[in-house]
Amino acid sequence: MTLAADPAVGGFSLDEANELAHAQVAHVAAENGIRVLSIKGLVADRYRLRVPRVAADADVLVDPARRDDLCELLALRGWHVRREREVPSLTGQHSVTLIRDDWPNDIDAHHRFPGFFAADASVFERLWLSREQMVIANTTVSVPSRGASAVIAALHAVRYSKSERHSLELRDVVERLRDDFSSQERTEFFDVARVGCAQWVLRDLYDQLGERWQTDADEHHRRVWQLNRETVEDGATVSWLDAVRSAPLARKPAVILRAAWISRADIPRNDPDRLPTRREAWQHRALRWRRGFAALLRYARVTLR
């Protein structure tokens with residue numbers, strides 16, 4: 001039994017909306033021959049990789065060659081990209097966030113997952129190779145294996161490990177690997193991390209489990225990953241600083257101006273057809289400048305200590 005192409009909308013909960021979103025993505029993808037895996041969120045909950053909680057969105061990992069195709073097909077069903085300008089990212093752009101005005105959640109369509117340093121296509125192929133099936137909202141949905149899902153959960157937790165919640169979730173993954181995983185599931189975990197070049201990122205987890213790891217990220221990737229972890233709450237500001245630093249001298253003023261100034265048309269909003277008023281635009285700029293200044297102070301403390 002599969003979900004209808006466009007389920008009726010009517011005051012459902014965030015948890016229900018996420019299940020329906022995963023089901024709808026799987027339905028659209030299957031109809032059009034697109035390979036997609038539901039990840040994180042309710043998948044991690046069902047695999048008992050964390051204490052269950054309601055996610056804010058539905059995350060999927062799409063065959064990198066077909067992500068744009070999937071987004072276009074979802075647009076026909078009311079999902080659209082939130083209006084906002086493209087900004088630099090320390091770890092690179094890895095997903096597109098889709099919203100639907102009458103739904104309470106988002107869909108995050110990933111073509112890569114931060115923490116994997118192997119080629120996007122290679123990572124997806126390895127995850128797809130050992131995929132499993134879950135029934136979500138009466139729809140058969142493809143998901144990574146439990147071992148592979150544990151790698152994704154660990155990478156996400158490590159990236160945000162300054163957060164107490166994510167530190168606890170990383171501890172949960174370690175405990176599951178040590179006490180609850182079968183030998184086959186543990187082997188799957190370490191093989192996915194190896195193929196995905198994620199051993200260095202997960203080195204603390206390896207150490208806790210008494211497993212050997214290799215430095216499978218080059219110096220640039222290691223620097224970017226560490227900086228991102230230290231400043232993850234200030235990601236946009238730090239990414240702009242990195243863009244200014246790496247820009248040619250003649251381009252630096254233009255990059256600084258673009259970082260500091262945002263036009264009315266580029267102000268983030270759900271409705272792309274509604275231009276913010278001038279007052280709303282100045283309020284948004286003032287808020288960005290305050291946040292940016294605070295982020296600069298935190299960045300200085302991190303880099304100077």
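1. Start with H4 and H7. In this predicted model, helix H4 (residues 120-129) and helix H7 (residues 183-195) have axes that come within 9 Å and cross at roughly 165 degrees. Angles over 145 degrees count as roughly antiparallel, so that is how H4 and H7 run relative to each other. The crossing of H4 past H7 is right-handed.

2. Who touches whom here? On the H4 side you'll find Ser 122, Arg 126 and Leu 127, and they meet Glu 188, Asp 191, Val 192 and Val 195 of H7. Sorted by class, this H4 contact with H7 comes out as three nonpolar, one polar and three charged residues.

3. Next, H5 and H6. The axes of helix H5 (residues 146-159) and helix H6 (residues 164-179) come within 8 Å, crossing at roughly 150 degrees. That angle makes H5 roughly antiparallel to H6 as well. H5 goes past H6 in a left-handed crossing, whereas the crossing of H4 with H7 is right-handed.

4. From H5 come Arg 146, Ala 150, Ala 153, Ala 154, His 156, Ala 157 and Val 158, and they meet His 166, Glu 169, Leu 170, Val 173 and Arg 176 of H6. Split by class, the contact holds seven nonpolar, two polar and three charged residues.

5. H5 has another packing partner to check. H5 and helix H9 (residues 219-230) pack at about 65 degrees, their axes 9 Å apart. The range for roughly perpendicular is 65 to 115 degrees, and H5 and H9 are therefore put in that class.

6. For the H5 and H9 contact, Leu 155, Val 158 and Arg 159 in H5 meet Trp 225, Asn 228 and Arg 229 in H9. The class count is three nonpolar, one polar and two charged. Keep an eye on Val 158: this residue is on the H5 side of the contact with H6 and also on the H5 side of the contact with H9.

7. How many cavities of 30 Å³ or more does a search of the whole structure find? It turns up one. The largest cavity holds about 40 Å³ of space.

8. Lining the largest cavity are His 111, Arg 112, Phe 113, Phe 116, Ala 118, Asp 120 and Val 123. By class, the lining has four nonpolar, one polar and two charged residues. Asp 120 and Val 123 in that lining fall within the residue range of H4, 120-129, which takes you back to the helix in point 1.

Definitions and conventions: Residues are numbered from 1 along each chain as its sequence is written. This is a predicted model: local features need pLDDT of at least 70, side-chain atom pairs count only at pLDDT 80 or more; totals for chains, interfaces and linings use all residues. Side-chain values use heavy atoms; hydrogens and water are left out. Axes are lines fitted to C-alpha atoms, for helices over the stretch in contact, and angles run from 0 to 180 degrees between N-to-C directions. Helices (H or I, at least four residues) and strands (E, at least two) are DSSP runs, numbered from the N terminus. Angles under 35 degrees count as roughly parallel, over 145 as roughly antiparallel, 65 to 115 as roughly perpendicular and the rest as oblique. A crossing is left-handed if the near helix is turned anticlockwise from the far one by less than a right angle, and right-handed if clockwise. Contact means heavy atoms within 4.5 Å. Ala, Val, Leu, Ile, Met, Phe, Trp, Tyr, Cys and Pro count as nonpolar, Asp, Glu, Lys and Arg as charged, and the others, Gly among them, as polar. On a 1 Å grid over the protein atoms alone, a cavity is a set of points where a 1.4 Å probe fits but cannot get out, and a pocket is an open set with protein on both sides within 12 Å along at least five of seven lines; lining residues have an atom within 4 Å of a point. Grid points are joined across faces, edges and corners, and a volume is the space filled by probe spheres set on the points.
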